[in-house]
Amino acid sequence: MNYVIRRLQAFPLVLIGVSVVVFIAIRLVPGDSITAMLGTEAGLLTPQQRDSLAIYFGIDQPWPVQYWRWFTGLFRGDLGISVTYGKPVLAVILERFPLTLELALLSMLIALSIGVPAGVYAATRNERPADLGVRIAAMIGQSTPSFVVGLVLIYILSAGFGVLPTMGIFTPFWQDPLQNLSQMILPAITLGCAFAASVTRVSRSAMLDVLSDDYVRTARSKGASERSVIWRHALPNALVPVVTLSGIEFGYLLGGAVIVEQIYALPGLGRMVLEAILQRDYALVQGAVLFIALNFMIVNLLVDLAYAALDPRIRLEGR
Amino acid sequence: MRVVKAIFSHPSGRIGGAIVLVYLLVALLGAVGLTPHDPLMQYRIDRLHAPTSSYWMGTDLFGRDVMSRLMKGVGQSFTVAFFSVALATLAGTVLGLTAAWYGKRWDTVMMRMMDVLLAFPAILLALLIVTIVGPGTWTSVAAISIVYTPIFTRVVRGPALSLKARDFVDAARTFGSSRSYILTRHLLLNLVAPLTVQVTLALAWALLTEAGLSFLGLGTQPPASSLGLMLSDSRNLMEQAPWLLAFPAVAIMLSILGFNLLGDALRDILDPKTRRA
């Protein structure tokens, strides 16, 4: 359990590091948030008004004081107030998060349901035309940026079928599941393509490794059917690296898919951060990036722990 | 020479190598300005012209030749990718080698710092850096290299740690070889193989990130051309002028594909352990 403890010890340290980096980085962005918020009207403010606004948003203090105030606030769930939304940062983040979470889950679902069967199929037909076909498709999928997939999908739909995907609106799943899925399916496919390609490649190579293991040979020599050898004996072990890969990829997706959200005009976490950076909404950027980094680290930790649980060598060996 | 031969006898190495070579040529031509037309010249009467013998890839909304802009854009994307990966490799190698060599506190501090950087999603970190410094070619280079430095640091540190414990390093120490000699001759030289693979794959990611940043309007700034920017511009016109979407899309995809294939081949050739990965 040495490894687990070491991972857990590093966790808060890295999180503090992330919070310091974000805090300083966003303050290095040229321009101040009050001007960014009010635009040209900022010129109409009297110095007194400007000062009182700065006090309201807590940006009148020196950096260390601001940081300390923000940092201690985190423990009370208080991430400050967003200048652009005029609402608590946590509330703004939690409003956007369901969409991002759903998108990440849907694309993972797509990736796994295409990638694993394709990888297994290719592995069982190693070096034959079918294997080659799957490998080429996976390689192309992995090399195609999400925005290319997205634009091509939109083009095919609009030029080929005369329909434009719904954009800019988001209906929560619990309000109208069908409506929600019809809005989310294209972005999910867009993100799922490259993801599915990686899953295919990893499951294929893991499956090939496992298929040459002794216990698979034993199972075969005992007279187990090919189907049971592949699905019952080999696949569960081949899935270990697939779990790792999906976990890491999922962690990335929880950070919001800035580009895909931009293409489909989805109000997700990624686009929110992009806008917040451009608006110099200090509190929102700090809170959101910390939230994203925390998610990412938790997912990675869980993946590592799952990996350690599945593979005793890592658990005992340490780093 | 041996490696080059091996690459071209490896099926994906052959294809990847050929693609990369063609791109290098196009990038070079684009960078020095040997394009069919001036990429900034606006042929107003030929606006949104479909591909013809005089404009092989058609023209855009302003009547600029798409092929010339594409060549210039490939030059631009490759410049950013090469410089950012070179910087990340240099920084990552120095940090990883010293972390492995000096160990203890320096190692802990370095690796925790890299953990902090790795906790940011790549594109977000790049966005933050670009917003601080302001968009532009060299900002993209800096942003992408900072994003990929932790990866190189890790790639170098792990093997360097195990090399450091090997007998031949101890032997070199006993013979009185200097620290810098051991670091460069014994450690670095043995790390060339994993680094080469990583560099090739990182070039693919760097091209992807550069295109993404430009697509969001935070990379290369107009009127200069870059593949991501061209794609972003095609968004509102793709029904009338699908060539504006098709050519840059294929160009981005093929460039990344080339480096991915080459990286896979190099991994097979240089690292027999992961032959099938």
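Me: What is the mean pLDDT of chain B?
Reply: The model is predicted, and the mean pLDDT (the predictor's confidence in each residue, from 0 to 100) of chain B is 88. In that chain, 98% of the residues reach 70 or more.

Me: Where in chain B is confidence lowest, and where is it highest?
Reply: The lowest mean, 82, belongs to helix 5 (residues 122-133) of chain B, and the highest, 93, to helix 3 (residues 66-102) of chain B. Helices (H or I, at least four residues) and strands (E, at least two) are DSSP runs, numbered from the N terminus.

Me: And what are the ipTM and pTM of the complex?
Reply: The predictor gives an ipTM of 0.86 and a pTM of 0.87.

Me: Which conventions apply here?
Reply: Residues are numbered from 1 along each chain as its sequence is written, while chains are lettered from A and ligands numbered from 1 in the order in which they are written. Local features need pLDDT of at least 70, side-chain atom pairs count only at pLDDT 80 or more, and totals for chains, interfaces and linings use all residues; side-chain values use heavy atoms, with hydrogens and water left out.

Me: Changing topic: how many helices and strands does chain A have?
Reply: Chain A has 14 helices and zero strands. Its C-alpha trace spans about 85 × 60 × 35 Å along the principal axes.

Me: How much of chain A is buried?
Reply: Buried residues account for 47% of its 319 residues. Buried means under 20% relative accessible area, exposed over 50%, and partly exposed in between (1.4 Å probe, protein chains only).

Me: What about contacts between residues at least 6 apart in sequence?
Reply: In chain A, 72% of those contacts join residues at least 24 apart. Contact means heavy atoms within 4.5 Å.

Me: Which residues have the most contacts inside the largest nonpolar core?
Reply: They are A:V18, A:I93, A:F147, A:M207, B:L127 and B:L231, in a core of 158 residues. Helix 8 (residues 179-215) of chain B gives the most to this core, with 15 residues. A nonpolar core is a set of buried Ala, Val, Leu, Ile, Met, Phe, Trp, Tyr and Cys residues joined through side-chain atoms within 4.5 Å.

Me: What does B:L231 touch, not counting residues up to four places away in sequence?
Reply: From chain A, B:L231 touches A:F147, A:V148 and A:L151. From chain B, the partners of B:L231 are B:F215, B:L245, B:P248, B:A249 and B:I252.

Me: Is helix 12 of chain A mostly covered or mostly open, and by which elements?
Reply: Helix 12 (residues 269-278) of chain A is mostly covered, with eight of its 10 residues buried. Among them are A:L269, A:M272 and A:I277. The buried residues pack against helix 5 (89-124), helix 10 (226-254), helix 11 (258-263) and helix 13 (282-310) of chain A, together with helix 5 of chain B. The helix is followed by A:R280, whose phi is positive, near 55°.

Me: Back to chain B: where is B:L270 found, and what is it in contact with?
Reply: B:L270 is found in helix 10 of chain B. Leaving aside neighbours within four places in sequence, B:L270 is in contact with B:V3, B:A193, B:T196 and B:V197. The C-alpha atoms of B:L270 and B:A193 are separated by 5.9 Å, although the two are 77 residues apart along the chain. B:L270 counts as partly exposed because its relative accessibility is 28%.

Me: Which peptide bond in chain B is cis?
Reply: The bond from B:P222 to B:P223 is cis, with omega near 10°. B:P223 lies in the loop between helix 8 and helix 9 (227-234) of chain B. Most residues other than glycine have a negative phi, and most peptide bonds are trans.

Me: What is phi of B:L48 and of B:K104?
Reply: Phi of B:L48 is positive, near 50°, and phi of B:K104 is positive, near 45°. B:L48 is in the loop between helix 2 (11-32) and helix 3 of chain B, whereas B:K104 lies in helix 4 (residues 104-118) of chain B.
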